[in-house]
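Dear colleague,

My notes on its contents follow directly after it.

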Amino acid sequence: MSGLARPARRDGGALVTALIFVPPAVLLFSIFVILPLGQAAWFSLFKWNGLGWPTLFIGLKNYSRLLNNSDFQTAFVNNLLIIIFSIAIQLPLGLGMALLLARRAWGSVTFRLIFFLPYVLADVAAGLIFRFIFDGNYGPVSAVVQAFGGQPLFMLAAPNLAFTALIIVVVWKYFGFHMMLYIAGLQGIDRQLYEAAEMDGASAFQRFRSITIPQLAPMLKLSVFFSVIGALQLFDMVIPLTGGGPFEQTNTMVSFMYNFGITRMRVGYGSAVGVMLFLVCVTFALFYQRFLMRNE
């Protein structure tokens with residue numbers, strides 16, 4: 001009888017634990033996630049400046065105006081370009097540094113810390129620091145150009161150069177985070193696999209292709225996921241660095257929402273941007289989880 005009672009007691013304990021912890025979690029999630037999302041979707045159907053309660057219902061006009069807005073199209077393309085450059089530059093750079101620093105060699109821990117420190121720095125602080133670095137009057141980049149006989153370089157005042165500056169800061173800021181992910185993955189690979197491959201005469205490249213990449217695949221997929229979601233939500237760095245300029249050419253979708261929704265008191269229009277951004281992020285997350293990470 002005691003053997004039969006023990007599983008029942010376990011099940012009862014699990015039920016009590018669920019009843020204690022699940023309702024508060026659901027309540028908090030509803031208050032801070034579901035309710036704001038519902039309000040944003042509702043406000044996006046109105047022409048509203050954020051004062052009082054919205055009364056001028058305009059249906060889906062905010063969405064149609066948004067899709068036909070060339071500045072929003074530029075912001076969306078910028079998000080896509082940031083994703084592409086992050087995957088093409090930031091992740092390979094992080095992987096390369098991880099391969100160099102994964103082993104417990106002299107100075108490896110110090111270099112890991114140095115490369116990881118930019119990620120610890122707040123995005124706003126990084127934007128302000130590089131705003132000075134790229135300043136045409138006082139910044140070191142312009143000073144180097146002038147030292148070689150060039151004219152003062154105002155990178156943040158030229159649309160193409162300003163976006164290049166943004167990409168540089170994004171890569172500098174986040175590649176250390178991905179490097180640490182890869183180092184954690186590399187340290188989890190069984191060394192006997194490499195030893196066996198080396199005994200079979202496999203070259204360094206063959207060991208990398210046949211052992212490192214397959215064993216590191218779950219971490220690589222996770223790294224790509226973080227890169228895409230982070231690029232879609234990029235905001236804190238853009239505002240202090242470029243403010244979305246010049247001529248709205250460096251806006252992301254979130255900075256566009258801030259500049260055209262909040263600062264101009266077009267809350268209904270800004271809410272439409274937020275809803276579209278949420279749909280893009282959720283669609284990508286569901287697709288990625290369903291087809292690329294379902295076995296992880």
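**Salt bridges**

K173 and D123 join their side chains in a salt bridge, at 3.1 Å from N to O. A salt bridge here is a side-chain nitrogen of Lys or Arg within 4 Å of a carboxyl oxygen of Asp or Glu. This pair connects distant parts of the chain, with K173 in helix α7 and D123 in helix α5 (residues 123-133), 50 residues apart. Helices are DSSP runs of H or I with at least four residues, numbered from the N terminus. Both K173 and D123 are buried; buried means under 20% relative accessible area, exposed over 50%, and partly exposed in between (1.4 Å probe, protein chains only).

Please note that this is a predicted model, in which local features need pLDDT of at least 70 and side-chain atom pairs count only at pLDDT 80 or more, while totals for chains, interfaces and linings use all residues. Residues are numbered from 1 along each chain as its sequence is written, and side-chain values use heavy atoms, with hydrogens and water left out.

The count of salt bridges comes to 2. R264 and E248 also meet in a salt bridge, with 3.7 Å from N to O. R264 sits in the loop between α11 (253-262) and α12, and E248 in the loop between α10 (238-241) and α11, so the pair ties together parts 16 residues apart in sequence. R264 is partly exposed, at a relative accessible area of 43%, and E248 is partly exposed at 21%.

**Aromatic pairs**

How many aromatic pairs does the structure hold? There are 21 aromatic pairs. One of them is formed by Y119 and Y174, which are edge-to-face at 6.1 Å centre to centre with 65° between the planes. Y119 belongs to helix α4 (residues 108-120) and Y174 to helix α7 (residues 159-187), so this pair ties together parts that are 55 residues apart in sequence. Rings of Phe, Tyr and Trp (its six-membered ring) pair if their centres lie within 6.5 Å; planes under 30 degrees apart count as stacked, over 60 as edge-to-face and the rest as tilted. Y119 is partly exposed at 33% relative accessibility, whereas Y174 is buried at 17%. Ring pairs also link F116, Y119, Y174, F177, F225, F226, F284 and Y288 into a cluster.

**Surface patches**

A nonpolar surface patch of about 1,100 Å² is made by L27, L28, F29, I31, F32, V33, I34, L37, F278, L279, V282 and L286. Patches consist of residues with over 30% relative accessible area and no salt bridge, where like charges are joined within 9 Å and nonpolar side chains (Val, Leu, Ile, Met, Phe, Trp, Tyr) within 5 Å. Accessible areas come from the Shrake-Rupley method with a 1.4 Å probe; for residues, only the protein chains shown count as cover. Helices α1 (2-43) and α12 each supply at least two residues of the nonpolar patch, and α1 gives the largest share, 8 residues. L37 lies in helix α1 and is partly exposed, with a relative accessible area of 30%.

A positive surface patch is formed by K47, K61, R65 and R266. Lys and Arg count as positive and Asp and Glu as negative, while His and the chain ends are not counted. K61 lies in helix α2 (residues 61-67) and is partly exposed at 45% relative accessible area.

Yours sincerely

Note on methods: Charge placed at Lys NZ, Arg CZ, Asp CG, Glu CD.
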